Amino acid sequence: MKSSEVLREKIMNKKILSILLIMIIVSVPLGGCIDKKEVPKEETKEKITLKVGYLPSMCQAIYVLKQYKTLERELGVDVVEYKRYESGPLITQAFAQGDADIGFMGIPPVMIGIDKGVPIKVIASTHSEGSSLIAKSKGYKNLTQLGSIQAVLKQFDGKSIGAPGKGSIQDVIIRTELKKAGVNATIKNIPIASTLPALLNEGQIEAYVVWPPFEMEGVLKGYGDVVIPSDKLWPYNPCCALVVTEKFEKEHPDTVQKLVELHNYASLFIMAHPEELANAANAELGINNESAMASIEFSPKYCALPDDRYINSTMDFVNALKDLGYTTNNLTQEQIFDLKYIKKAHPGPYDEPGTVKDDPAIDKIIKG
Amino acid sequence: MNARWTYYLVLPSFFIVIWYAVSKAQLYPAYIVPPLDMVIRSFSELVGNGTIFQHIYWSIVRVIAGFAIAAAIGIPLGISMGWSNTMMRLVEPLTNIIRQIPPIAWVPFAMIWFKAGVVESSAFIVCIGAFFPILLNTISGVKGVPVLFVESAYTLGANSRQILAKVVVPASMPNILSGLRIGLGIGWMSLVAAEMMGQDYGLGSFILNSSTVLRMDRVVVGMITIGFLGFLMDRIFKGLESSLLSWRGR
Amino acid sequence: MLILKNVTRTFISKENNINALEKVNLEVKDKEFICILGPSGCGKTTLLRIIAGLDKPTAGEVLLDDIRVDKPGQDRGMVFQDYSLFPWRTVIDNIAFGLEVLGVDKKERYESAREYLELLDLEKFENSFPYELSGGMRQRIAIVRALINNPKLLLMDEPFGALDAQTRNIMQAELLRIWEKKHKTILFVTHSVDEAVYLADRIVVMSARPGTIKEIFNIDLPHPRIRTSQEANLIRDRILKSLGTEMEHAKK
């Protein structure tokens, strides 16, 4: 009796093992065939969906475009899907997974992605600067008083400074500057960036750097003051950019061109009517108008054309990122930028803040 | 081939083989499926320079702190709720509501109420995760004590207090220990939520920080470490249960 | 000396009331061995529980040595049908439980417990856990656990009901041996007429619900009794007859 049971078990074992072996042999080639991003090309009418990722940060023309449904109207795609991500690295991950086609996001996460092989390119700028250092109201002297960035940063030796997640612009800027100044401060990377003003008030951090409008929110609420304004902290640093996946670019180059054009108009629109961006951001993010307007006034460089200063600043970032260990390769300009679209859409020179006039034609296109 | 442990190895080996094959065939970029050799290299790097042990140390400290608090509150509360209907009616509605809220939702509060990024705030999140299994299992243990034992004790001259201490608690031990083991497991799983407050060290923050810079190989190292340590803790706890509960027989 | 005066117990529920016991009157003398027999549902367990103090009568009272009984206590030890030893305690800790709750120190109470283990011939099992013991052993220890407190009354609710026939007979003999040594008053509830005839000085036959005392039989046979003797058979017949009519009533 026992031997037949043992025999049955042995046969069962053999069956299980052989099934497993077949699974192994079959799944390797199968793995290569599974590609959920493939769109069947035999469809007569190709439905174009545009997946847009963006940040809860004000330096994005996307808020205005979204509010006025400009893309739906003018772009010529069938569906536009918007998704807001908590941080830049999350949008990079979305690109990696195929969940986003274009993104309005910070530059360092883009560069980190490109370094790792994520196939994306920067095609326009959305905003320059926008990372001021805010510190507690009492006890810290600002740049005007002390004269050099080094002197200001030295005040935070041995203290905590808050920043958004690792790999964000502010994180890269503050770490690089602290290193340059030889200052030893602890950086607290807080994934939920909107809590930074509260943490400053609670005394958990002595200062913070964050994207608009949260820098100004801290100031307006009386928690702290600007000790280094963003245009001095890292002048012309490429705050945010418009990014596209190589796949979408290859499949729909005309759409990308049109997109860049619309983005350009939106940027001009914002520079002529800053309150429009403030309202749009308020509507979506619930940020109060005061903070929003203060942010725009403080940091108004919204031109869509990445000029030489923007590009050079970006290349400085390449070194900074490598230094911090966030990237491993020396990225080249060609790897990061693809500027043919914006050059076509914006042939003229860079628009300095305060020089953009109201243009009813642009208004019409944006607002519909 | 018939030894039990060979069976344990079959599926993991299967996965490792597939993983290796996929990596070698370069079917996916590194930021989607980190290659096996890259993960192994990262792992030895982190072991070599000792960082992995710092991460492990801090995570364990936070989890033990949170777990201890959860047990210190959960067990007495569970006993009183199981024993007294009044207590149950008073407290249960509240615990039922709070129980539904996932630990991660408490993170913003943890950051403000306690200092963000120190043991207290993480321990708080772990505590929230560990608390309810401990509480509920203790309650069911107490409620499940056979009336026969309680009545026997009364006829042997014990008063209520003695019955609680000498009969109810020992009789509920299997459930209490089971609740502790499950609570520890859930507390451990809450690590990633507990460490998203800007900590530099800790397995959860290690995974988060690595993912923001797209070092998915490190994410995998973190995940494997968390999984393996969780498994180890569970095993140790089970051994503890066996020795403490040897009176159950079998 | 135990006196039951008009003990009545009614269970009130939403659907209907159950009159478990109705005006039960009984007097039990010291050192008597009384068996309570009756059909299912006649309330014999309820009666025992009321005497133990685990339940309260709706009307009437129970007096033990002229003191009213209304809650459990060491003076009335109880042995249940199900195995009631505390599984997490060793045998000796189970036996010593009653002394432990009184605050007796370890040395003393272990000494007393060991005396009882010797009485049962189970000294070897002092540090065993209940799960390691057979059913018969467990019930013996349960009896001794109740006896260590020197109760005035030992209440037993079908304590051998879960055991097989042979073990049951052995246990009955064991019980008698302990009873003769310790001279306790015992109230023993059972289904089995044979068991009652073998053990009891007096047999109380209860009626079907609502339970009252139908008939009381005096058994004057000396111990040890021969289960199949003529006298035993006669008594058994009479009791079965008495019970028989009650069983019919109970079926309705």
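Predicted model: local features only at pLDDT ≥ 70, side-chain atom pairs only at ≥ 80, totals over all residues.
**Entry 1: A:S299**

I began at A:S299, which sits in the loop joining α15 and α16 of chain A. Helices and strands here are DSSP runs (H or I over at least four residues for helices, E over at least two for strands), numbered from the N terminus. Is A:S299 buried or exposed? It is buried, because 26 other C-beta atoms lie within 10 Å. I take the cut-offs as 20 or more other C-beta atoms within 10 Å for buried, 12 or fewer for exposed, and partly exposed in between, with C-beta atoms placed from the backbone.

I then looked up its partners beyond four places in sequence, and found A:E129, A:G130, A:P212 and A:S230 in contact with A:S299. Contact means C-beta atoms, placed from the backbone, within 7 Å. I also checked A:V152: it is 147 residues from A:S299 in sequence and 20 Å away in space, C-alpha to C-alpha.

**Entry 2: what I am looking at**

Residues are numbered from 1 along each chain as its sequence is written, and chains are lettered from A and ligands numbered from 1 in the order in which they are written.

I looked up the confidence of chain A: pLDDT (the predictor's confidence in each residue, 0 to 100) averages 83, with 93% of the residues at 70 or above. Residues 35–44 of chain A stay under 50, and the model gives that stretch one contact beyond four places in sequence.

For the overall picture, I noted 19 helices and ten strands in chain A. Its C-alpha trace spans about 95 × 55 × 40 Å along the principal axes. Of its 368 residues, 49% count as buried. Among contacts in chain A with a separation of 6 or more, 80% join residues 24 or more positions apart.

**Entry 3: two domains in chain A**

How is chain A divided? I have domain 1 as 49–129 + 237–367 and domain 2 as 133–233, with bounds from an automatic or database domain assignment. Their centres, taken over C-alpha atoms, are 25 Å apart.

The classes put Ala, Val, Leu, Ile, Met, Phe, Trp, Tyr, Cys and Pro as nonpolar, Asp, Glu, Lys and Arg as charged, and the others, Gly among them, as polar.

**Entry 4: α5 on α16**

I checked this helix pair next. The axes of α5 (residues 107–116) and α16 (residues 308–323) of chain A come within 11 Å and cross at roughly 65°. The axes are lines fitted to C-alpha atoms over the stretch in contact, and angles run from 0 to 180 degrees between N-to-C directions. A:I107, A:P108, A:M111 and A:I112 of α5(A) meet A:T314, A:F317, A:V318 and A:L321 of α16(A). That makes seven nonpolar residues, one polar and no charged.

**Entry 5: α4(A)**

After the helix comes A:G98, with a positive phi near 85°.

**Entry 6: between chains**

Of the two pairs of chains in contact, A and B share the most contacts. There, 26 residues of chain B touch 29 of chain A. On the chain B side, α1(B) has the largest share, seven residues. I counted that side by class as 21 nonpolar, four polar and one charged.

For the other pair, 17 residues of chain B are in contact with 22 of chain C. Here the largest share of the chain B side, six residues, comes from α7(B). Chains A and C do not touch, and their nearest C-alpha atoms are 29 Å apart.
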